[in-house]
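Here is a structure to look at closely, for a reader who meets it for the first time.

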Amino acid sequence: MDEEERVARVFLGRVVEPGDEAGGRWVREVGAVEAVRWVRRGGMGPEGIGERKWSGMCGRASGVEAERDLEVARGVGARFVGPGEGEWPSTLDELGDARPLGLWVRGRASLRVWALRSVAVVGARACTEYGAHVGAAMGSGLAERGWVVVSGGAYGVDGAAHRGALGVGGATVAVLACGVDQAYPRGHTELIERIAEQGLVVGELPPGAHPTPSRFVLRNRVIAALTRGTVVVEAAVRSGSLVTARAAQRLGRYTMGVPGPVTSALSAGVHELLRGDGLVVTDAADVVELVGEMGELGPERRGPVLPRDLLGPATAQVLEALPGNRPAGAAEIARAALTSRDEAVARLYELRALGYVERHGESWKLTRQAVMSVRDGRGGR
């Protein structure tokens, strides 16, 4: 991308709203430089863009100073990255005509390289303590495994995920719905500045641009497209986090959800996601097993190993055959264990050596230790 193309895309960033497919199609068909000439010239609008909308775009164009935007960006350590450049993540091209005209990036790392191994962690702004805990644990766990944590910089789960990654010295990217020289929400000014120092702050709106409800929604498509999968930690049924998840699904990315209490309205949206095509995850290991390379497997989930689990099958069968509330003779135990009396006696002496049974004359009885072990092995029945 040459300098004229760069300046033209910066200019159009103040004219065309994020995610405007009609505007994106127009720029793709005529080119950014010609689109700038056209909107400055005014007159008849391009096909597919209504008269009222075109009038508004021409009105915006009259006050745009692209060089000034580039100067302001340089002042805060930001750069403009356009399609086709070395730092441009090619996954954004999958958005088609809704692809950003370009991205403003603050931070030293390469956005393209970081996007190759990144996961989005999103969720409710007014999250519960459970949501904040899971968001932070997910962020730190992914970062410790070498993954970049991408989120929206908002209160709640977003902020928890960013802090979790930063807390272990990991990489994180905040995708904003305003200019990258702005801190929104204001209460996260320190967090966003820290992300700019240790990670990346990204946005498609020019410096000084303010967020609006529609821009928050459209920002989520960028989060989904940048990453290899999206994890929703907490979300109500009508949640912006689910917009990110649906965008990820449309792009063929992994869409994951962390279950919560069935009584919590803030988990209802996640549960709806999981009833569809969403995948259940409970920690970073689960996520990496899905989005990672072949062989990046999570640990096997199993309960604690009990001493009786180490017994051989024949010995365990004899142990199971002993009554729990009284002594029993060797012949009775053999019948219950479906074995011979001699075999049963041999196994009973083995069990006595291990502290599971004790002998009472000609009979055998479980010790207290064995009674508890057998109960645990039978699921507490």
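Q: How many aromatic pairs does a search of the whole structure find? Please take me through them with care.

A: The search of the whole structure finds six aromatic pairs, where rings of Phe, Tyr and Trp (for Trp, its six-membered ring) pair if their centres lie within 6.5 Å, and where planes under 30 degrees apart count as stacked, over 60 as edge-to-face and the rest as tilted. This is a predicted model, in which local features need pLDDT of at least 70 and side-chain atom pairs count only at pLDDT 80 or more, while totals for chains, interfaces and linings use all residues. Residues are numbered from 1 along each chain as its sequence is written, and side-chain values use heavy atoms, with hydrogens and water left out.

Another edge-to-face pair is formed by phenylalanine 80 and tryptophan 104, at 5.0 Å centre to centre and with 65° between the planes. Here too distant parts of the chain are linked, since phenylalanine 80 sits in strand β1 (residues 78-81) and tryptophan 104 in strand β2, 24 residues apart. Phenylalanine 80 counts as buried because its relative accessibility is 7%, and tryptophan 104 counts as buried because its value is 2%.

Returning to the tryptophans, Trp26, Trp38 and Trp54 form one aromatic cluster.

Strand β2 also leads on to a helix. The buried residues of α9 pack against β2 (103-106), as well as against α8 (157-167), β5 (172-175) and β6 (200-203), contact being heavy atoms within 4.5 Å. In helix α9 (residues 189-198), the buried residues are Leu191, Ile192, Ile195 and Ala196. They lie on the same side of α9 because they cover an arc of only 140° around the axis, the arc being that of the directions from the helix axis to the C-beta atoms. On the other side of α9, Glu190 and Glu197 are exposed.

Definitions and conventions. Buried < 20%, exposed > 50% of the residue type's maximum accessible area, 1.4 Å probe, protein only. Helix = DSSP H or I, 4+ residues; strand = E, 2+ residues; numbered from the N terminus.
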